[in-house]
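Please look over the model shown here. The paragraphs after it go from the whole chain to a few of its parts.

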Amino acid sequence: NINAVGPSGTGKTHVCTGIGLAACQRGIKTRFATAAAIVHEMIEAQYERRLRRFQRQLAGVELLIIDKLGFVPLSKSGAELLFELISQRYERGATIITSNLPFDEWTGTSGDERLTGALIDRLTHHVHILEMNGKSCRLSQCRARRAAKTPLSRRKPAQTGRNALARASYMGSARAKVIAHSIPPLSNSSGRTLRRHPGGVSRRH
C-alpha cells in the first residue's frame with residue numbers, strides 16, 4: 001500500500017498514475033478513481049440495490065488507486081461506505097491513496113473521529129508513506145511562462161525622429177520644447193538642415 005500526502009501540485013497524482021500504468025503493463029488488474037467519484041458510485045449502487053456486487057468488484061481489484069481524498073468532504077454515509085471498502089481490501093489487495101491533508105486533519109473529511117481513526121489505522125499498516133512537500137509544479141510552470149513572456153510583452157518601440165516629435169506635440173507645448181531641443185537636427189535629401197519646432201518640422205531658409 002502507498003499513501004501519498006502533500007500540498008496540491010507536488011505530483012502525487014502524477015506519481016500514482018505512473019505506478020498504475022506500470023501495474024497495467026505487468027498485467028495487474030488496476031482501477032483508478034477519485035475518492036469523491038468512488039464514493040458517489042457506491043452511494044448510487046446502494047440506491048439501486050447492487051452495492052454488494054459493486055463492493056465485491058472493488059475488493060477483487062488487485063490495485064485500487066483512490067485519488068484526492070480530502071479535497072471534497074464526504075457525507076456520513078459516504079465516509080462509512082469508504083471505510084467499509086478499505087476494510088474489505090485490508091491485507092487482501094494493494095491500495096494507493098493520495099491526499100492533500102496530513103493524517104491529523106483527515107477527521108474533517110468524514111466528520112467522525114472514530115471512523116477516521118479506524119480508517120487511518122488500516123491505511124497505515126503495511127504501507128509506504130510518500131510525503132511530497134514542496135512548491136506547486138503548476139504554479140512554478142506558470143511563473144516560468146510569465147517570466148519568459150515578460151521581456152517581449154513589455155518591450156516598447158523606440159521613439160525617435162518625427163515620431164518622438166509628434167508624440168511630444170501631443171503631450172503639450174511645454175514638454176515639446178524640451179524634447180525638441182534634445183533631438184539632434186535632421187537633414188533632408190538635398191542636404192538642407194531642418195529645424196524642429198514643438199508643433200512640427202519646418203525648413204530653415
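A residue is called buried when its relative accessible area is under 20%, exposed when it is over 50%, and partly exposed in between, with a 1.4 Å probe and protein chains only. The model is predicted, so local features need pLDDT of at least 70 and side-chain atom pairs count only at pLDDT 80 or more, while totals for chains, interfaces and linings use all residues. Residues are numbered from 1 along each chain as its sequence is written, and side-chain values use heavy atoms, leaving out hydrogens and water.

The protein chain has 9 helices and 8 strands. Of the 205 residues in the protein chain, 32% are buried. Among contacts (heavy atoms within 4.5 Å) with a separation of 6 or more, 72% are between residues 24 or more positions apart.

Because 5 of its 6 residues are buried, E4 is largely enclosed by the rest of the structure. Two strands pair if DSSP finds at least two bridges between them. E4 runs parallel to E1, joined to it by 4 bridges, and Ile-2 stands opposite Ile-96. E4 also pairs in the parallel sense with strand E3 (residues 63-69), over 5 bridges; here Leu-64 has Thr-95 as its bridge partner. Together, E3, H4 and E4 form a right-handed β-α-β unit. Right-handed means that, with the strands pointing away from the viewer, the path from the first strand over the helix to the second runs clockwise.

Next comes helix H6 (residues 113-123), where Leu-115, Thr-116, Leu-119, Ile-120 and Leu-123 are buried. They lie on the same side of H6 because they cover an arc of only 130 degrees around the axis, taken from the directions from the helix axis to the C-beta atoms. An α-helix has 3.6 residues a turn, so residues three or four places apart point the same way.

Two loop residues remain. Most residues other than glycine have a negative phi. Arg-49, in the loop between helix H2 (35-47) and helix H3 (51-59), has a positive phi near 60 degrees. Its relative accessibility is 81%, so Arg-49 counts as exposed. His-126, in the loop between H6 and strand E5 (128-131), has a positive phi near 55 degrees. At 52% relative accessibility, His-126 counts as exposed.
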